[in-house]
Amino acid sequence: MIAILDFGSQYTQLIARRIREQQVYCRILPYNPTIEELKEFKGIILSGGPASVYDQNAPHGDSEILQSGVPILGICYGLQWLAQTLGGEVKKAEKREYGKAKLQAIDSTTLFADIPLETQVWMSHGDKVERLPDGFKVIGKTTNSPACAIGNHQKNIYGVQFHPEVIHTTGGTQIIRNFLFKICKVLPTWTMESFIEHSIKKIRDEVGKKKVICALSGGVDSSTVAVLIHKAIGDQLICIFVNNGLLRKNEAERVIATFKDYYHINLDYCDAQEKFLTKLKKVSNPELKRKIIGHEFIKVFEDEAKKIGQVDFLAQGTLYPDVIESISTKGPSAVIKTHHNVGGLPARMKLKLIEPFRELFKDEVRVLAKELGLPDEIIWQHPFPGPGLAIRIIGAASPKRLNILREADWIIDEETKKSGLYRSLWQCFGVFLPVKTVGVMGDERTYENVIALRAVTSSDAMTADWAQLPHSLLSKISNRIVNEVKGINRVVFDITSKPPGTIEWE
Ligand code: XMP
């Protein structure tokens, strides 16, 4: 296992990905773990970070790490920190350097083995190593950074000013491979299969004979968590599925068929449609809707859980990007998004969290889900927000509007899947607009509502582009909705990116 100590770089997660792509397991830790915590690691990467090592509040790790004999690679700030800590000198560079630069490898025996003598690297720094620590030599340089890469072969400590983890560094993957396989001498044995094995063992050890509850939404994350934990502890897992009346067409039936009938998971189906819809009556303020739904969910879930009796654990499909922006300054669990509807539950119910995917990215969860045998329609389904269709209806979410939106949404889903474009989209859905416009059908004048079609591409939902769907698909969707969905006589297409728009309309 490799440890990545996070000094606050925007690329820390990327380093983790690059390592896992080489089938080596790694964990991101805050920049200052104890030596004890690092005992099980075969190599350490020190990430970049926004600070300057000579700043008063600059993050400093434990200098003993550098004496521990474990191979180390410092990247950008990591390089500067190790150089300064080992007695070298770091200074402000005359010129800040951002973007592409040409690296000339001087020593190709270790870190730069099997990369061209001259190769493109990605720089982003304002400081440079002015004087090398004892025992180090320059192994690579650029025009602006004479000590762009340094190394101490005896101690197996290396540092690079550039970012090998970003794709613009053309030899980046090879450099990471060299560090892993030549310097740390680890083996590429980490696979999803071994992750599953490891997780199952960990869950069993932690849970013992106790009970775990899981709020199953039917989405890929909670579904995969449920199947994994079920594999580990069988009937000690109880999944609670709340039908809040804001789900898509056939959603509840699908979840029951998959988890209860197919996987034989202990599924507690809670039909709370009335409760939610009554609370939402005449509410049109988006934030208020979200709050009402959030509170009601917690209440309903808590009541259901009480019926089960003594429960000690709550399983959640929290993913890595949900957990941390940067763990460097705030400690590992400071910035959890409360998007997840179970936010607030664990503390109130005194439940311990089980979050097996805390270190995984969405696409890794999809691979895991495949490995666990989940059906493609769950693995590849688009994200669906906790507050459901309520935030896709502008104005009050009445049962009538919900039904209209459900029908339109079904058509959008069906047609994008038929077109083969579904997987290339992050999300694609309808929004009900409480605006009435005039139309004509046959010889009849119509005066009905509007559906807005929202389709976006994105890799993480932080930013998104509106998807340039082919006209033939737009036309098919529009025709079918206007013809088949009673109450809609007009379809419009949302061409706003995020930012400045958000993906959901509310
Ligand atoms: P926005 O609208 O903020 O959405 O651009 C970004 C992504 O988050 C999803 N989303 C939610 N997911 N609970 C969720 O579980 C929520 O309250 C929620 N609000 C938005 C949205 O669908 C998109 O993928």
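The centres of domain 1 and domain 2, taken over C-alpha atoms, are separated by 38 Å. The domain assignment divides the protein into domain 1 (2-183), domain 2 (192-379) and domain 3 (398-493); such bounds come from an automatic or database domain assignment. The model is predicted, with local features requiring pLDDT of at least 70 and side-chain atom pairs counting only at pLDDT 80 or more, while totals for chains, interfaces and linings use all residues. Residues are numbered from 1 along each chain as its sequence is written, and side-chain values use heavy atoms, with hydrogens and water left out.

Strands and helices are named here as DSSP runs numbered from the N terminus (helices H or I, at least four residues; strands E, at least two). Two strands are taken to pair if DSSP finds at least two bridges between them. In general, strands of a sheet pair through backbone hydrogen bonds, either parallel or antiparallel.

The loop between E5 and E6 contains Asp 114. The phi of Asp 114 is near 65°, a positive value in a residue other than glycine.

## The five-stranded sheet

A second open sheet consists of five strands in the order E12-E11-E10-E13-E14, with parallel pairing. Its edge strands are strand E12 (267-271) and strand E14 (352-354), each pairing on one side only. From one strand to the next, the twist averages 30°. Strand E10 (residues 212-215) runs parallel to strand E13 (residues 313-315), and three bridges join the two. In this pair, Val 212 stands opposite Phe 313 of E13.

## Strand E16 and its partners

Strand E15 (residues 427-441) pairs with strand E16 (residues 444-457) in the antiparallel sense over 12 bridges. These strands form a hairpin with two residues between them, and Gly 442 in the turn has a positive phi of about 60°. Phe 432 has Ile 451 in E16 as its bridge partner.

E16 also pairs with strand E18 (residues 488-493), in the parallel sense and over five bridges; there, Ala 452 has Val 492 in E18 as its bridge partner. Val 456 stands opposite Trp 466 in E17.

## The segment after E18

Most residues other than glycine have a negative phi, and most peptide bonds are trans. Pro 499 lies in the segment after E18, and a cis peptide bond with omega of about -15° joins Lys 498 to Pro 499. Pro 500 is found in the segment after E18 as well. The bond between Pro 499 and Pro 500 is a cis peptide bond too, with omega of about 10°.

## The ligand and its surroundings

The ligand is surrounded by 12 residues, and the closest are Arg 290, Gln 427, Lys 498, Ile 503 and Glu 504. A residue is near a molecule or strand if one of its heavy atoms lies within 4 Å of it. The shell divides into five nonpolar, four polar and three charged residues. In this grouping, Ala, Val, Leu, Ile, Met, Phe, Trp, Tyr, Cys and Pro count as nonpolar, Asp, Glu, Lys and Arg as charged, and the others, Gly among them, as polar.

| Residue | Protein atom | Ligand atom | Distance |
|---|---|---|---|
| Arg 290 | N or O atom in the side chain | oxygen | 2.6 Å |
| Gly 386 | polar backbone atom | nitrogen | 3.2 Å |
| Trp 426 | polar side-chain atom | oxygen | 3.3 Å |

The protein covers 83% of the 490 Å² of accessible area that the ligand has on its own. Accessible areas come from the Shrake-Rupley method with a 1.4 Å probe (for residues, only the protein chains shown count as cover).

Conventions: A polar contact is a pair of N or O atoms within 3.5 Å; within protein, one must be able to donate a hydrogen and the other to accept it, and residues adjacent in sequence count only if both atoms are side-chain atoms. Axes are lines fitted to C-alpha atoms, for helices over the stretch in contact, and angles run from 0 to 180 degrees between N-to-C directions.
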